[in-house]
Amino acid sequence: MGKKRTRYDITLNKPDEFVETIINDYLKKQEYRQIVLKDELIWQSGISAIAAPKCFKYSYLNGILHIEAWFMKTIIGNLIYEELDLSGHWIRTVEYKNEIEDLIKILQQNIPDYNSVQTNNTYEQQINHIEPVMINGFDLKRNATKGFIISLISLIISLGLVCVLIFADYALVSVPLILISAWGITEARKGQNSSKQELGIAGMVMGTISIIIQLIIAILITIAKFI
């Protein structure tokens, strides 16, 4: 199907090493993997069986950064798929747009006018007498906050259902709640390496407790049915 992507062209005029460092940091933290799709090399994050994966492609030439961002709605594996741009107002669309905007802001940060940005190789710096250049990497604070909120909501619902759903068919709600809790844990885990590390850890703990509560209730209800 045709390419339907959201494109960005930003004039940076920054060293190639700086741009590569920041983008690679973003790709690593957002758990992208490189794939070849119909002879095109792209970056992809997510599992198509759960939700449409995020797709990302970029190039940097003569100081201008070109970014293409979209979702890939899979129909039959990677053979037949539909590309979805970021023009909508769905939660995941807004989140992805915010990610790209955060990435662009970080790329636009002021850096010292050095010929290149050096890596954190202490030995190399000592040999060459090079001072490290401090730059801001991609911050996963949005993931930490989102994971915390999702896990908190899941935990509150789980505790409420302890009293309410003992007399109902718990299986109807246990699976969706476990999936919500797992989502919260996933986002919170990413946020552990952000400036809001505490929220990320708290989100993981609450999401785990929520899943344990749901499993215990499901087991007890199942046992009760056979007594």
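Predicted model: local features only at pLDDT ≥ 70, side-chain atom pairs only at ≥ 80, totals over all residues.
1. Asp85 is buried yet takes part in no salt bridge. The nearest side chain of opposite charge belongs to Lys4, at 4.7 Å.

2. The surroundings of Asp85 are as follows. Asp85 sits in the loop between strand 6 (80-84) and helix 2 (91-107). The Asp85 side chain makes a polar contact with the side chain of Ser87, at 2.7 Å. Not counting residues up to four places away in sequence, Asp85 touches Lys4, Arg5 and Thr6.

3. Side chains of opposite charge can pair when their charged atoms come close. Arg5 and Glu40 meet through their side chains in a salt bridge of 2.9 Å, N to O. Because Glu40 belongs to strand 3 and Arg5 to the segment before strand 1 (6-11), this pair ties together parts that are 35 residues apart in sequence. Glu40 is buried, with a relative accessible area of 11%.

4. Arg5 also forms a salt bridge with Glu68, where the closest N and O atoms are 2.6 Å apart. Glu68 lies in strand 5 (residues 64-76) and Arg5 in the segment before strand 1, so here the parts tied together are 63 residues apart in sequence. Both ends of this pair are buried: Arg5 has a relative accessible area of 8%, and Glu68 has 10% relative accessibility.

5. The count of salt bridges comes to seven. One of them joins Asp25 to Lys29, with the closest N and O atoms 3.3 Å apart. These two residues are four apart in helix 1 (residues 16-29), which means that about one helical turn separates them. Lys29 is partly exposed, at a relative accessible area of 24%. Elsewhere, salt bridges with shared partners join Arg5, Arg7, Glu40, Lys57, Glu68 and Glu83 into one network.

6. Strand 3 (residues 40-45) also holds Gln44. Is Gln44 buried or exposed? At 4% relative accessibility, Gln44 counts as buried, because the cut-off for that class is under 20%. Leaving aside neighbours within four places in sequence, Gln44 is in contact with Glu31, Tyr32, Arg33, Ile35, Pro53, Lys54, Cys55 and Met72. For one of these, Lys54, the C-alpha atom is separated from that of Gln44 by 5.6 Å, although the two residues are ten apart along the chain.

7. The last point concerns the surface. Which residues form a nonpolar patch there? The patch consists of Ile212, Leu215, Ile216, Ile219, Leu220 and Ile223, and together they have about 550 Å² of accessible area. Ile223 lies in helix 6 (residues 197-225). With 44% relative accessibility, Ile223 counts as partly exposed.

Terms used:
Residues numbered from 1 in each chain as written. Heavy atoms only, no water. Patch = residues over 30% accessible without salt bridge, like charges linked within 9 Å, V, L, I, M, F, W, Y side chains within 5 Å. Areas by Shrake-Rupley, 256 points an atom, 1.4 Å probe, with all protein chains shown as cover. Salt bridge = Lys/Arg side-chain N within 4 Å of Asp/Glu carboxyl O. Buried < 20%, exposed > 50% of the residue type's maximum accessible area, 1.4 Å probe, protein only. Lys, Arg positive; Asp, Glu negative; His and termini not counted. Polar contact = N/O pair within 3.5 Å; in protein donor to acceptor, adjacent residues only side chain to side chain. Contact = heavy atoms within 4.5 Å.
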